Amino acid sequence: FHAAPDFVEIDDSRLPGISHALRFDGSDLLSGAELYNTDQSVNSFRDLEVSGQDASFEIWFRAEDMSGHEVLFEAGGGTYGTSLRLNDDSVEFFVKNDTTWAQTSCDLGQAQIDASTDFVQVAGVIRVNGGGNLPGNGGNVTLYVNGAKAGEALVGDVIRYWDGGDGAGLGMINGGINFDNPGALSGDIASFRMYERALSGDEV
(Lines give C-alpha, C1' and ligand atoms only; values in the text may rest on other atoms or scores of the structure.)
Protein backbone atom coordinates (compact mmCIF):
# COMPACT_ATOMS: atom_id res chain seq x y z
CA PHE A 1 0.00 0.00 0.00
CA HIS A 2 1.18 3.52 -0.72
CA ALA A 3 -0.38 4.65 2.53
CA ALA A 4 -1.71 2.81 5.56
CA PRO A 5 -5.10 1.46 4.46
CA ASP A 6 -8.32 2.06 6.31
CA PHE A 7 -10.62 -0.87 6.94
CA VAL A 8 -14.40 -0.65 7.28
CA GLU A 9 -16.70 -3.30 8.69
CA ILE A 10 -19.16 -4.84 6.26
CA ASP A 11 -22.10 -7.18 6.66
CA ASP A 12 -23.09 -8.65 3.29
CA SER A 13 -24.45 -12.19 3.04
CA ARG A 14 -23.08 -12.42 -0.52
CA LEU A 15 -19.55 -12.22 0.89
CA PRO A 16 -19.38 -15.03 3.46
CA GLY A 17 -16.32 -14.92 5.65
CA ILE A 18 -15.43 -11.33 4.72
CA SER A 19 -16.04 -8.90 7.57
CA HIS A 20 -14.00 -5.88 6.42
CA ALA A 21 -13.24 -3.98 3.24
CA LEU A 22 -10.34 -1.75 2.24
CA ARG A 23 -11.29 1.91 1.96
CA PHE A 24 -9.60 4.04 -0.70
CA ASP A 25 -9.85 7.82 -0.34
CA GLY A 26 -9.26 8.75 -4.00
CA SER A 27 -7.18 11.76 -3.01
CA ASP A 28 -4.57 11.08 -5.70
CA LEU A 29 -3.08 8.24 -7.73
CA LEU A 30 -1.01 7.13 -4.73
CA SER A 31 -3.98 6.25 -2.55
CA GLY A 32 -4.40 2.69 -3.83
CA ALA A 33 -2.40 -0.51 -3.66
CA GLU A 34 0.19 -2.23 -5.81
CA LEU A 35 -0.40 -5.95 -6.40
CA TYR A 36 2.47 -8.38 -5.80
CA ASN A 37 2.96 -12.12 -5.69
CA THR A 38 3.12 -13.79 -2.28
CA ASP A 39 6.83 -13.12 -1.65
CA GLN A 40 6.54 -9.54 -2.99
CA SER A 41 9.18 -10.12 -5.67
CA VAL A 42 6.98 -9.52 -8.74
CA ASN A 43 4.25 -6.92 -9.34
CA SER A 44 3.46 -7.73 -12.97
CA PHE A 45 1.31 -10.53 -14.37
CA ARG A 46 3.55 -10.53 -17.45
CA ASP A 47 6.56 -11.31 -15.27
CA LEU A 48 4.58 -14.13 -13.67
CA GLU A 49 4.22 -15.55 -17.21
CA VAL A 50 0.43 -15.70 -17.11
CA SER A 51 -0.23 -12.82 -19.53
CA GLY A 52 -1.09 -14.28 -22.91
CA GLN A 53 -3.24 -17.00 -21.35
CA ASP A 54 -6.96 -16.97 -20.61
CA ALA A 55 -7.66 -15.09 -17.40
CA SER A 56 -10.47 -13.72 -15.24
CA PHE A 57 -10.55 -10.87 -12.74
CA GLU A 58 -13.23 -10.53 -10.07
CA ILE A 59 -13.73 -7.58 -7.77
CA TRP A 60 -16.37 -6.63 -5.19
CA PHE A 61 -16.52 -2.85 -4.72
CA ARG A 62 -18.67 -0.05 -3.38
CA ALA A 63 -18.19 3.51 -4.66
CA GLU A 64 -18.37 6.66 -2.60
CA ASP A 65 -20.68 8.12 -5.23
CA MET A 66 -21.67 7.53 -8.85
CA SER A 67 -19.74 10.39 -10.39
CA GLY A 68 -16.20 10.49 -11.73
CA HIS A 69 -13.85 8.26 -13.70
CA GLU A 70 -11.97 5.92 -11.35
CA VAL A 71 -9.71 2.84 -11.48
CA LEU A 72 -10.93 -0.38 -9.91
CA PHE A 73 -8.08 -2.57 -11.19
CA GLU A 74 -5.44 -2.27 -13.90
CA ALA A 75 -2.45 -4.23 -15.18
CA GLY A 76 0.02 -3.40 -17.92
CA GLY A 77 0.37 -0.14 -19.76
CA GLY A 78 -0.35 1.71 -22.98
CA THR A 79 0.63 -1.05 -25.42
CA TYR A 80 -0.60 -4.18 -23.67
CA GLY A 81 -2.93 -3.82 -20.72
CA THR A 82 -6.17 -4.63 -18.94
CA SER A 83 -8.36 -2.42 -16.80
CA LEU A 84 -11.66 -2.37 -14.96
CA ARG A 85 -12.88 1.11 -14.18
CA LEU A 86 -15.92 3.05 -12.99
CA ASN A 87 -17.07 5.89 -15.25
CA ASP A 88 -19.92 7.71 -13.51
CA ASP A 89 -22.64 5.06 -13.33
CA SER A 90 -21.02 2.68 -15.82
CA VAL A 91 -18.50 -0.11 -15.26
CA GLU A 92 -16.00 -0.51 -18.13
CA PHE A 93 -13.69 -3.37 -19.10
CA PHE A 94 -10.81 -2.60 -21.50
CA VAL A 95 -8.23 -5.00 -22.93
CA LYS A 96 -5.49 -3.65 -25.23
CA ASN A 97 -3.36 -5.98 -27.35
CA ASP A 98 -0.76 -3.79 -29.06
CA THR A 99 -2.67 -2.13 -31.94
CA THR A 100 -6.00 -3.89 -31.31
CA TRP A 101 -8.26 -3.56 -28.32
CA ALA A 102 -11.73 -4.35 -27.01
CA GLN A 103 -14.09 -2.46 -24.74
CA THR A 104 -17.33 -3.49 -23.14
CA SER A 105 -19.37 -1.81 -20.42
CA CYS A 106 -22.49 -1.94 -18.29
CA ASP A 107 -24.72 1.01 -17.38
CA LEU A 108 -25.44 0.37 -13.71
CA GLY A 109 -28.20 2.97 -13.69
CA GLN A 110 -30.14 1.17 -16.42
CA ALA A 111 -29.57 -2.11 -14.56
CA GLN A 112 -30.96 -0.41 -11.42
CA ILE A 113 -27.77 -1.07 -9.47
CA ASP A 114 -26.56 1.60 -7.06
CA ALA A 115 -22.87 0.93 -6.43
CA SER A 116 -22.75 3.70 -3.82
CA THR A 117 -25.16 1.79 -1.58
CA ASP A 118 -24.39 -1.89 -2.06
CA PHE A 119 -21.29 -3.87 -2.93
CA VAL A 120 -21.24 -4.82 -6.60
CA GLN A 121 -19.52 -7.87 -8.07
CA VAL A 122 -17.72 -7.24 -11.35
CA ALA A 123 -15.86 -9.92 -13.32
CA GLY A 124 -13.86 -9.43 -16.50
CA VAL A 125 -13.05 -12.57 -18.51
CA ILE A 126 -10.37 -12.73 -21.23
CA ARG A 127 -10.20 -15.47 -23.85
CA VAL A 128 -6.99 -15.01 -25.79
CA ASN A 129 -8.01 -17.02 -28.86
CA GLY A 130 -11.75 -17.36 -29.41
CA GLY A 131 -14.20 -19.34 -27.36
CA GLY A 132 -17.28 -18.11 -25.60
CA ASN A 133 -20.29 -17.03 -27.63
CA LEU A 134 -18.55 -14.72 -30.11
CA PRO A 135 -17.51 -15.95 -33.59
CA GLY A 136 -14.04 -15.74 -35.08
CA ASN A 137 -10.54 -16.69 -34.10
CA GLY A 138 -9.58 -13.48 -32.33
CA GLY A 139 -9.56 -12.97 -28.60
CA ASN A 140 -12.64 -11.76 -26.81
CA VAL A 141 -13.63 -10.25 -23.48
CA THR A 142 -16.76 -10.64 -21.39
CA LEU A 143 -18.03 -8.47 -18.53
CA TYR A 144 -20.27 -9.78 -15.75
CA VAL A 145 -22.03 -7.68 -13.12
CA ASN A 146 -23.59 -9.34 -10.07
CA GLY A 147 -23.30 -12.72 -11.78
CA ALA A 148 -25.09 -11.71 -14.99
CA LYS A 149 -23.45 -11.21 -18.38
CA ALA A 150 -23.39 -7.48 -19.05
CA GLY A 151 -21.36 -7.21 -22.26
CA GLU A 152 -18.82 -8.82 -24.55
CA ALA A 153 -16.57 -7.72 -27.39
CA LEU A 154 -14.03 -9.04 -29.88
CA VAL A 155 -10.44 -7.89 -29.71
CA GLY A 156 -9.95 -8.49 -33.45
CA ASP A 157 -6.79 -10.56 -33.14
CA VAL A 158 -5.34 -13.25 -30.93
CA ILE A 159 -4.42 -11.62 -27.61
CA ARG A 160 -0.68 -12.04 -27.38
CA TYR A 161 -0.46 -10.30 -24.01
CA TRP A 162 -3.06 -8.61 -21.82
CA ASP A 163 -0.33 -7.20 -19.54
CA GLY A 164 2.63 -5.26 -20.86
CA GLY A 165 4.89 -5.64 -17.84
CA ASP A 166 4.06 -2.52 -15.82
CA GLY A 167 2.95 -3.05 -12.25
CA ALA A 168 -0.64 -3.96 -11.41
CA GLY A 169 -2.74 -1.58 -9.34
CA LEU A 170 -5.84 -1.85 -7.20
CA GLY A 171 -7.79 1.39 -6.89
CA MET A 172 -4.97 3.25 -8.65
CA ILE A 173 -2.74 3.35 -11.74
CA ASN A 174 0.56 1.59 -11.09
CA GLY A 175 3.02 2.78 -13.73
CA GLY A 176 0.69 3.05 -16.73
CA ILE A 177 -2.77 2.16 -17.99
CA ASN A 178 -4.13 0.91 -21.29
CA PHE A 179 -6.66 3.65 -22.06
CA ASP A 180 -7.10 7.33 -21.05
CA ASN A 181 -6.26 8.45 -17.53
CA PRO A 182 -8.87 7.74 -14.83
CA GLY A 183 -8.32 8.83 -11.26
CA ALA A 184 -7.91 6.84 -8.08
CA LEU A 185 -10.87 5.08 -6.52
CA SER A 186 -13.03 6.71 -3.88
CA GLY A 187 -14.75 3.77 -2.24
CA ASP A 188 -14.33 0.31 -0.77
CA ILE A 189 -12.98 -2.98 -2.12
CA ALA A 190 -14.02 -6.11 -0.22
CA SER A 191 -12.48 -8.78 -2.47
CA PHE A 192 -10.23 -9.13 -5.51
CA ARG A 193 -9.36 -12.40 -7.24
CA MET A 194 -7.45 -13.32 -10.38
CA TYR A 195 -8.01 -16.71 -12.05
CA GLU A 196 -5.62 -18.23 -14.59
CA ARG A 197 -8.50 -19.33 -16.82
CA ALA A 198 -11.66 -18.00 -18.41
CA LEU A 199 -14.52 -18.42 -15.95
CA SER A 200 -17.84 -19.60 -17.34
CA GLY A 201 -21.04 -17.73 -16.65
CA ASP A 202 -22.09 -20.38 -14.13
CA GLU A 203 -18.78 -20.06 -12.28
CA VAL A 204 -19.11 -16.28 -12.03
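Author: Rings of Phe, Tyr and Trp (its six-membered ring) pair if their centres lie within 6.5 Å; planes under 30 degrees apart count as stacked, over 60 as edge-to-face and the rest as tilted. Here Phe57, Phe73, Trp162 and Phe192 form one aromatic cluster. Before we go on, this is a predicted model, where local features need pLDDT of at least 70 and side-chain atom pairs count only at pLDDT 80 or more, while totals for chains, interfaces and linings use all residues. Residues are numbered from 1 along each chain as its sequence is written, and side-chain values use heavy atoms, leaving out hydrogens and water.

Reader: How many aromatic pairs does that rule give?

Author: It gives five aromatic pairs. In one of them, the ring centres of Phe73 and Phe192 are 4.9 Å apart and the planes sit at 35°, so this pair is tilted. Phe73 is in strand S5 and Phe192 in strand S13 (residues 186-195), so the pair ties together parts 119 residues apart in sequence. Strands, by the way, are DSSP runs (E, at least two residues), numbered from the N terminus.

Reader: What should I look for around S6?

Author: Look at who pairs with whom: two strands pair if DSSP finds at least two bridges between them. Strand S5 (residues 69-76) runs antiparallel to S6 and is joined to S6 by seven bridges. A three-residue hairpin connects S5 to S6, and His69 has Asn87 as its bridge partner in S6. S6 also pairs with strand S7 (residues 90-97), antiparallel over eight bridges, with Leu84 opposite Phe93. The hairpin of S6 and S7 has two residues between the strands, and Asp88 there takes a positive phi near 55°. As for cover, seven of the eight residues of S6 (80-87) are buried.

Reader: What about the overall fold: how many helices and strands are there?

Author: Zero helices and 13 strands. Seven strands make an open antiparallel sheet in the order S1-S2-S13-S4-S9-S10-S11. Its edges are S1 (6-9) and S11 (148-154), each pairing on one side only. Inside the sheet, S9 (residues 120-127) and S10 (residues 140-145) share six bridges, and Val125 stands opposite Thr142 in S10.

Reader: And how do I read the core?

Author: In soluble globular proteins, nonpolar side chains tend to be buried together. A nonpolar core is a set of buried Ala, Val, Leu, Ile, Met, Phe, Trp, Tyr and Cys residues joined through side-chain atoms within 4.5 Å. The largest one here has 37 residues, and Phe61, Ile126 and Trp162 have the most contacts inside it. Strand S4 (residues 55-63) gives the largest share of this core, five residues. A second, separate core has seven residues, including Val8, Ile10, Leu15 and Ala190. Across the protein, 50% of the 204 residues count as buried.

Conventions. Helix = DSSP H or I, 4+ residues; strand = E, 2+ residues; numbered from the N terminus. Buried < 20%, exposed > 50% of the residue type's maximum accessible area, 1.4 Å probe, protein only.
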